[in-house]
Amino acid sequence: MGKPGGDPPFPYGSLGKHVGGRHYRRGVAKRNLLLTPVLEWYARCARELPWREPGATPWSILVSEIMLQQTPVVRVLPVWTEWMERWPTPAALAAEPPGEAVRHWGRLGYPRRALNLHACARAVTELHGGRVPADHATLLTLPGVGEYTAAAVASFAFGGRHAVLDTNVRRVLARAVRGEEYPPKATTAAERVLAESLLPGPEDAPVWAVAVMELGALVCTARAPRCADCPIRDRCAWRLAGKPPYEGPARRGQTYAGTDRQCRGRLLAVLREAHGPVPKAALDSVWDEPVQRERALDGLVADGLAEVLDDGTYRLPGGPPARPPGTG
DNA sequence: GAGCCGTGGAC
DNA sequence: TGTCCAAGGCT
């Protein structure tokens, strides 16, 4: 079986410790002029995050990526740490009922990701010999793993060469290359082509990916970019154009109060914090509007985030915690 | 492709 | 206060 979580042939933890490209950038292909300044900046300014350390396993990196979907790093850190202590391998999580993943998801948001991660653990255990797949196409078959996450895991856990196109990278490229303040609402083919064209050689591709993401997260931020601290400010098309404001349709517009989402969140919080099945009255007490409440509750059950018992009580799916022998 | 899926911090 | 945003994915 090998080491828990699998042996990463590529150490994510070494990403910040070299500024590479010595060979490839001498090649004839169109050079990525952003590569050297971004890599140097990353070596100097990258955050120290536990999933980037040398001891990180493919499993721990996969967990971090899914937790980080639409969720800030500072909120992921404590939950990721607890998960890694509790479930250091896919097999450890796979041995639990899915409800335990949901319970220990806490308030990270989008709790179906907890269910996805549990399903990932079982798929890895039952279909892939207990090891997180290294191949991008195989990663894509895992629940909750889409284009971005597959590229990120293949790149950061296994050293693959992929365009890793998250919201940070899209924003950096929109500004630096296209000269626009924000990228389009949905990822376009043009963005993928651009990201592919900027990919350095195999040796540098993973560092480049994490470095551009980090630049977007720390410097080239959505609201108040710190252009004075930017390693590519002299090449940034948007800054050189005088930072023209975003033109286009409003990019958001979702209220939250009173939505089904808020209702689902309230209901699930009750189940998470309970240590056993809860009577329906306990759920009724956290949301006044009955039609919406029933719809939301049915939705949670349909999504596999809750289940009804024969006596009409509700709980997280799959029963109580599985206690190891002798610890009850 | 648009809408949906949580939560909390910043401004 | 309300709005925007945070390492997306799925239907």
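E294 and K280 form a salt bridge whose closest N and O atoms are 2.8 Å apart (a salt bridge is a side-chain nitrogen of Lys or Arg within 4 Å of a carboxyl oxygen of Asp or Glu). Because E294 sits in helix α15 (residues 290–302) and K280 in helix α14 (residues 280–284), the pair ties together parts that are 14 residues apart in sequence. Helices here are DSSP runs of H or I with at least four residues, numbered from the N terminus. D284 and R293 join K280 and E294 in a network of salt bridges.

## About the model

This is a predicted model, in which local features need pLDDT of at least 70 and side-chain atom pairs count only at pLDDT 80 or more, while totals for chains, interfaces and linings use all residues. Residues are numbered from 1 along each chain as its sequence is written, chains are lettered from A and ligands numbered from 1 in the order in which they are written, and side-chain values use heavy atoms, leaving out hydrogens and water.

## Links across the chain

The structure holds 15 salt bridges. One of them joins R47 to E214, with the closest N and O atoms 2.8 Å apart. That pair links distant parts of the chain, 167 residues apart: R47 is in the loop between α1 (35–45) and α2 (58–67), and E214 is in helix α11 (residues 205–218). R47 is partly exposed at 29% relative accessibility, whereas E214 is buried at 1%.

E214 also forms a salt bridge with R52, where the closest N and O atoms are 2.6 Å apart. R52 lies in the loop between α1 and α2, so its pairing with E214 in helix α11 ties together parts 162 residues apart in sequence. Both R52 and E214 are buried.

## Meeting the DNA

Now to DNA strand B, which is surrounded by 15 residues (near means that a heavy atom of the residue lies within 4 Å). The closest are R75, R107, P111, R264 and G265. Helix α13 (residues 260–273) gives the largest share of the nearby surface, four residues.

Some side chains reach the bases. A polar side-chain atom of R75 is 2.8 Å from a base oxygen of DNA strand B. Base nitrogens of DNA strand B lie 3.0 Å from a side-chain N or O atom of R261 and 3.3 Å from a polar side-chain atom of T71.

Note on methods:
Polar contact = N/O pair within 3.5 Å; in protein donor to acceptor, adjacent residues only side chain to side chain. Helix = DSSP H or I, 4+ residues; strand = E, 2+ residues; numbered from the N terminus. Buried < 20%, exposed > 50% of the residue type's maximum accessible area, 1.4 Å probe, protein only.
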